[in-house]
Amino acid sequence: MAISPPHMSYPSVPPSGPAAGSLRHAHWWQRAWVRYGALTTLLAISGLVILALVREETGTEGFLVGLGLATLPVPLLIAAFRWLDRVEPGPWRNLLFCFAWGACAAALIAIVANSFATRWIATATADPSSADTLGATVIAPVVEEIAKAAAVLLVFLFRRRDFTGILDGVVMAGVTATGFAFTENILYLGTAFGTDQLTGGTGIASVTAATFFVRIIMSPFAHPLFTVLTGIGFGISALAADRQHVRRVAFPLSGLLLAMGMHAMWNGSSAFGEYGFFAVYAAFMVPIFGLLTWLVIWTRQRELRTVRAELPAYAVAGWLSPVEPYALGSMRARRIARQYARRHAGRAAAREVARYEAYATSLAFLRHRGRRGRAGADFVARERELLDELWRRREAARPALEHAARITAPPVPVAAPPWPVYGAYGYGQPTTVHPTTPRPAPAATAYPAYNPYRS
């Protein structure tokens with residue numbers, strides 16, 4: 001059994017020159033804890049302000065009722081977006097940031113900007129009714145979609161390693177919009193409850209019941225559907241090479257414009273007559289929702305095919321066992337591997353297998369971008385980092401994945417990939433394997449004696 005990974009030559013000389021100076025004399029605002037602290041403070045202040053504004057608008061009792069009802073669709077939507085992200089799951093901190101931004105910062109921006117713009121139009125035109133209509137169909141879609149897109153942009157710029165494709169854009173945008181809709185639903189449902197208290201409305205004929213049916217039952221996906229278009233634009237931009245500047249800018253802007261247009265059509269559906277809402281819902285919202293659902297599921301299957309196509313190179317180099325690329329390219333096999341690890345070695349082992357799967361997927365995507373000329377300057381360093389993470393977890397993950405492969409794989413031998421393998425670790429610069437360094441054999445029985453789960 002191999003006890004050390006294939007040899008790689010790491011730089012032994014510390015950085016010198018301007019790079020070293022920048023590390024030693026980094027400005028205080030470049031430190032991670034300062035940025036995280038500032039962002040957390042900003043979101044906390046935004047949350048307190050939006051809480052006070054909504055409570056003032058709805059009253060304490062209306063706020064509590066709205067909060068309870070608005071919470072109902074949130075776990076389902078978050079679970080749906082997390083399910084889409086299972087191929088290469090991103091860190092929870094990104095999702096938490098996106099939800100908090102949507103619920104606090106974006107909602108506060110929207111309330112303040114929409115109120116100011118509507119009052120300004122009413123004063124300028126002396127027509128409050130037309131100001132409300134213009135504010136709902138023009139001002140609100142522009143302001144709200146820009147405010148939500150800001151979260152996706154921040155993740156795209158500052159967490160670029162976690163933003164690698166269309167599914168990442170869909171998940172970030174969808175979670176941000178879920179947070180925004182959560183706060184907006186509290187406001188609408190709380191206001192409806194206050195109206196029922198004044199008019200005596202109760203039961204299914206109440207304003208609260210009607211608002212709940214429209215916003216929670218019929219269209220909980222409305223805001224996520226709009227903003228997902230922006231996320232798709234950022235996802236396509238993430239797939240572009242660094243030199244494709246026009247594409248990297250044009251697709252996010254195009255997605256944002258489409259999101260604004262769909263949002264405006266949704267808000268203006270009441271102007272199409274008594275049944276305008278249902279006409280827009282049936283003719284546009286449901287078909288587009290179905291189309292986007294098909295797109296993200298197709299994209300997810302495409303990512304799994306990428307995993308199966310790229311990882312065999314690392315199996316030939318000895319980093320993975322021959323059956324792992326197939327197992328890692330199947331969601332069913334991944335699930336079986338985690339269940340096997342949990343059953344035989346506990347939850348900690350299952351978490352290690354899940355991390356192994358995530359790192360292997362990131363490695364496959366990195367190699368895919370490298371072969372297409374889209375990898376960044378840190379390609380080799382990132383490849384080594386991912387391979388090290390896999391190597392540290394191989395004892396827990398490899399038996400589980402081989403078990404899953406035996407259950408799910410067709411009874412055919414694993415063929416060698418049709419491409420040459422560069423270097424000792426797969427794709428980077430050619431390296432020389434140290435003659436005294438043990439190297440894992442690429443045969444299917446490279447680890448026949450080791451099984452940490454055997455009782």
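This is a predicted model: local features need pLDDT of at least 70, side-chain atom pairs count only at pLDDT 80 or more; totals for chains, interfaces and linings use all residues.
**Exercise 1. Is Val143 buried or exposed, and what does Val143 touch?**

- Step 1: find the residue. Val143 sits in helix H5, which covers residues 128-158.
- Step 2: check the accessibility. Val143 has a relative accessibility of 17%, and the cut-off for buried is under 20%, so Val143 counts as buried.
- Step 3: list the neighbours. Leaving out residues up to four places away in sequence, Val143 touches Ile109, Ala110, Ala113 and Asn114.
- Step 4: look at one C-alpha pair. Val143 and Ala106 are 37 residues apart along the chain, and their C-alpha atoms are separated by 9.0 Å.

**Exercise 2. Work out the setting of Glu184.**

- Step 1: Glu184 belongs to helix H6, residues 166-199.
- Step 2: its relative accessible area is 14%. With buried meaning under 20%, Glu184 is buried.
- Step 3: not counting residues up to four places away in sequence, Glu184 is in touch with Glu144, Arg215 and His223.
- Step 4: two of these names come back in the next exercise, where Glu144 is on the H5 side and His223 on the H8 side of a helix contact.

**Exercise 3. Describe how H5 packs with H8.**

- Step 1: get the geometry. Two packed helices are described by the angle between their axes and the distance between the axes. For H5 and H8 (residues 222-239), the axes come within 10 Å and cross at roughly 35°.
- Step 2: name the residues. H5 brings Glu144, Glu145, Lys148, Ala149, Val152, Leu153 and Phe156, while H8 brings His223, Phe226, Thr227, Thr230, Phe234, Ser237 and Ala238.
- Step 3: sort them by class. The contact of H5 with H8 holds 7 nonpolar, 4 polar and 3 charged residues.

**Exercise 4. Follow H14 to its contacts with H13 and H15.**

- Step 1: take H13 (residues 331-345) and H14 (residues 347-371). They pack at about 155°, with axes 6 Å apart. Roughly antiparallel needs an angle over 145 degrees, so H13 is roughly antiparallel to H14.
- Step 2: note the hand and the residues. The crossing of H13 and H14 is right-handed. Arg334, Ala337, Arg338, Ala341, Arg342 and Ala345 of H13 make the contact with Arg347, Ala349, Ala350, Val353, Ala354, Glu357 and Thr361 of H14. By class, that gives 7 nonpolar, 1 polar and 5 charged.
- Step 3: move on to H15 (residues 379-392). The axes of H14 and H15 come within 9 Å and cross at roughly 155°, so these two are roughly antiparallel as well. Here the crossing is left-handed.
- Step 4: collect the second set of residues. From H14 come Tyr356, Tyr359, Ala360, Ser362, Leu363, Leu366, Arg367 and Gly370, and from H15 come Phe379, Arg382, Glu383, Leu386, Leu387, Glu389 and Leu390. The classes are 9 nonpolar, 2 polar and 4 charged.

**Exercise 5. Step back to the cores and the whole chain.**

- Step 1: the largest nonpolar core has 58 residues, and Phe163, Val170, Trp266 and Met285 touch the most other members.
- Step 2: pick Val170. Beyond four places in sequence, Val170 touches Phe81, Leu84, Val228, Gly231, Ile232 and Val296.
- Step 3: finish with the totals. The chain has 16 helices and 0 strands, and 47% of its 455 residues count as buried. Among contacts with a separation of 6 or more, 79% join residues 24 or more positions apart.

Key. Residues are numbered from 1 along each chain as its sequence is written. Side-chain values use heavy atoms; hydrogens and water are left out. A nonpolar core is a set of buried Ala, Val, Leu, Ile, Met, Phe, Trp, Tyr and Cys residues joined through side-chain atoms within 4.5 Å. Buried means under 20% relative accessible area, exposed over 50%, partly exposed in between (1.4 Å probe, protein chains only). Contact means heavy atoms within 4.5 Å. Axes are lines fitted to C-alpha atoms, for helices over the stretch in contact, and angles run from 0 to 180 degrees between N-to-C directions. Helices (H or I, at least four residues) and strands (E, at least two) are DSSP runs, numbered from the N terminus. Angles under 35 degrees count as roughly parallel, over 145 as roughly antiparallel, 65 to 115 as roughly perpendicular and the rest as oblique. A crossing is left-handed if the near helix is turned anticlockwise from the far one by less than a right angle, and right-handed if clockwise. Ala, Val, Leu, Ile, Met, Phe, Trp, Tyr, Cys and Pro count as nonpolar, Asp, Glu, Lys and Arg as charged, and the others, Gly among them, as polar.
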